[in-house]
Amino acid sequence: MAKKRPQTKAKRPQLDDAEVPVVGAREPCPCGSGRRYKACHGRTAAQATTALVQRPFEGLPGECDWVALRELVPAATVGLTLRDGLPEGVPSVTLATVLPMAWPALRRDDGSVLLGLQNDTASGDISRDLADTLARALTAEPGTPVQGRRAPADGPRLQDLLAPEGAFEPEVHSGFEFWVPDPDNATPDVTASLERANAAAIPTVRLQGVDAAYWCETPDKNHLRWVMPHEEERLLDALARLHAAGRSSLGEGTRLVGSFRAHGLTVPVWDLPSEITAQDIEKPAAEFAERLAEALAADAPLTHDERRARGGLTNRQVTLS
């Protein structure tokens with residue numbers, strides 16, 4: 001009979017968990033255990049990066065607009081202010097809904113940085129993935145795009161890199177011409193990507209009188225999609241009170257039809273007649289905001305009709321993320 005080989009014990013880890021660097025999944029774990037990284041500390045790192053962060057933009061100025069630009073708005077940009085100021089050679093940092101070729105980020109020839117928001121992310125924390133992309137874009141060679149990757153589990157988030165003060169004022173565009181500062185010198189791939197994106201863009205306008213409300217035009221009817229910061233259950237109660245009282249519309253021919261749930265926030269949606277423009281809805285939206293504030297302040301139990309209205313709103317709620 002063959003002799004049994006003596007069992008060797010795995011080496012004890014030589015590093016604390018916080019000190020173990022990220023390596024390839026099949027490489028030996030740097031902690032010294034003798035196992036592959038994916039079966040050792042890589043498992044913990046993977047769990048950390050896949051855990052879903054329900055409100056990834058919480059704490060950033062303009063959280064509701066971040067959600068709108070991520071999920072609802074085709075073409076928009078907004079200037080970003082870094083907590084530690086702009087590095088040398090980087091004249092500006094701009095957030096964009098989408099970039100050509102779906103690039104996560106782009107360092108332009110002049111050194112400025114464009115950060116794409118509507119990209120697939122490798123982890124459950126969009127904020128951490130975007131921060132990792134932004135940090136790499138700041139040091140990329142001018143004139144080059146930045147590719148996506150899985151961000152380190154202990155890497156910074158947008159909340160760590162961006163200044164906490166200041167306004168977040170998106171500029172909504174009718175198309176994606178902001179991609180190309182010099183159209184005559186654009187590559188054929190970028191030009192083709194621009195044409196496809198412009199053809200698919202839904203006309204969208206951000207209202208000026210209320211926060212994070214966006215009018216959009218579709219072939220059959222128009223819509224108002226309004227990202228709200230209120231806690232979901234409290235907001236649904238308030239909307240139900242208004243709906244049961246016949247006060248949830250934005251005027252004749254308009255109707256509150258339901259809501260989206262996106263990145264921890266609720267987005268009520270109204271159908272509008274096709275002839276109602278963004279300018280037409282400014283005053284009704286401001287008046288609705290006043291009615292909603294009153295309903296949010298109410299604390300009486302919902303009536304039978306209000307509970308029915310709430311049930312209808314809940315049944316028509318769609319989760320985007």
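## Ground rules

Residues count from 1 along each chain as its sequence is written, and side-chain values use heavy atoms, with hydrogens and water left out. In this predicted model, local features need pLDDT of at least 70, and side-chain atom pairs count only at pLDDT 80 or more, while totals for chains, interfaces and linings use all residues.

How many disulfides does the structure hold? The number is 0. A disulfide is a pair of cysteine sulfur atoms within 2.5 Å. C29 is in no disulfide; its nearest cysteine sulfur belongs to C31, 3.5 Å away. C31 is in no disulfide either, with the sulfur of C29 as its nearest, at 3.5 Å.

Are these cysteines buried or exposed? C29 is buried, at 5% relative accessible area. C31 is buried too, at 0%. Buried means under 20% relative accessible area, exposed over 50%, and partly exposed in between (1.4 Å probe, protein chains only).

Strands are DSSP runs of E, at least two residues long, numbered from the N terminus. Two strands pair if DSSP finds at least two bridges between them. Strand β4 spans residues 113–116. Strand β2 (residues 93–96) pairs with β4 in the parallel sense, over 4 bridges. Here T94 stands opposite L114. Strand β3 (residues 105–107) runs antiparallel to β4, joined by 3 bridges. There R107 stands opposite V113.

The hairpin of β3 and β4 has 5 residues between the strands. In this hairpin, G111 takes a positive phi near 95 degrees.

## Two faces

In a regular strand the side chains alternate between the two faces of the sheet. In β4, V113 and L115 point one way, and L114 and G116 the other. All four are buried.
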